[in-house]
Amino acid sequence: MPNLMVVIASTRPGRVGLPVGRWIHQRALDHGAFDVDLVDLAELALPFMDEPHHPRLRRYQHEHTKRWSARVARAGAFVFVTPEYNHGYNAPLKNAIDYLIHEWEHKPVGFVSYGGVAAGTRAVQQLKPVLSSLKMTPVIEAVYIPFVQQFLDHDRRFVPSETTEAAATAMLDHITRWEAVLRPLRADATETAAP
C-alpha cells in the first residue's frame, strides 16, 4: 500500500492540533487504502532552515534534514492538519515544507483545518499556491472544523460530528484516487533523477 503522511502542523503547548491529528490518523488507518505515518512537527523539532545549500540540489549536510528527506520521499500522499494563525498557516509548517523540494513532487495533499468561525480555511487557501509550486496536487475535498473547541471531550479527545466524518471519508477517497493517478509521474521523475 502507498504511504500517507499525516502532518500535525501546530507546535503550540496545549494545541488542538494534536487530538485532531490523532483522529484523522486513525481515520486514515481505518480507511484502509494506505500505510499511515503520523508526523508531529513538535516532536520532529526541525530547526529553522539551517542547510547551506538550496534544497533543489539535495546536498543536505545535517542528519535531521536527511531523515526528513527520506521520510517525505517515502510518502505517496499527505494530509496537513493545520491551524489558522492571523489569517494564515503557521511558521513550523512553512519551515518543514521549505526544507525540501523534489521530495514533495507529484503527490496529492489533503487538508484538515480548524479554528473559529472560518475553520482554518484561510490557512488552507494560503497553502495551496505554495504546494502547487512544489508540483503537489491539493485535493478539493477537505475537512474544515469550525469552533473546534466544542468537539473536544473532557479528556481533550476530538469527537467529530457526522459532517466531519463524512468530509474525512470524501477527502481520503479522493487522495486515494489522486495518489494512483500521480504515481506514474513520480516514477518518471525518479528515473530522470537517477544518475
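This is a predicted model: local features need pLDDT of at least 70, side-chain atom pairs count only at pLDDT 80 or more; totals for chains, interfaces and linings use all residues.
I started at Glu103, which sits in the loop between α4 (91-98) and β4 (108-114). Helices here are DSSP runs of H or I with at least four residues, strands are runs of E with at least two, and both are numbered from the N terminus. Residues are numbered from 1 along each chain as its sequence is written, and side-chain values use heavy atoms, with hydrogens and water left out.

**Glu103.** Buried or exposed? I found Glu103 buried, at a relative accessible area of 3%; buried is under 20%, exposed over 50%, partly exposed in between (1.4 Å probe, protein chains only). Its side chain makes a polar contact of 2.6 Å with the side chain of Ser69. For the record, a polar contact is a pair of N or O atoms within 3.5 Å; within protein, one must be able to donate a hydrogen and the other to accept it, and residues adjacent in sequence count only if both atoms are side-chain atoms. Beyond four places in sequence, Glu103 is in contact (heavy atoms within 4.5 Å) with Arg58, Tyr60, Ser69, Val72 and Ala73.

**β4.** Next I followed the chain into β4, where seven of seven residues are buried. Pro108, Gly110, Val112 and Tyr114 point one way, and Val109, Phe111 and Ser113 the other. I then checked its partners; strands pair if DSSP finds at least two bridges between them. β3 runs parallel to β4 over five bridges, with Val79 partnered by Gly110. The chain gets from β3 to β4 through α4, in a right-handed β-α-β crossover: with the strands pointing away from the viewer, the path from the first strand over the helix to the second runs clockwise. β6 is also parallel to β4, over three bridges, and there Ser113 is partnered by Tyr144. β5 joins β4 in parallel by two bridges, with Pro108 partnered by Thr137.

**Thr137.** That took me to Thr137, in strand β5 (residues 137-138). Thr137 is buried too, at 18%. Lys107 is 30 residues away in sequence, yet 6.1 Å away C-alpha to C-alpha. Thr137 also touches Trp178 and Leu182, among others.

**α5.** Last, I looked at the helix α5 (residues 121-133). Its buried residues, including Val124 and Leu127, pack against β3 (77-82), α4, β4, β5 and β6 (143-145). Lys135, after α5, has a positive phi, near 65°.
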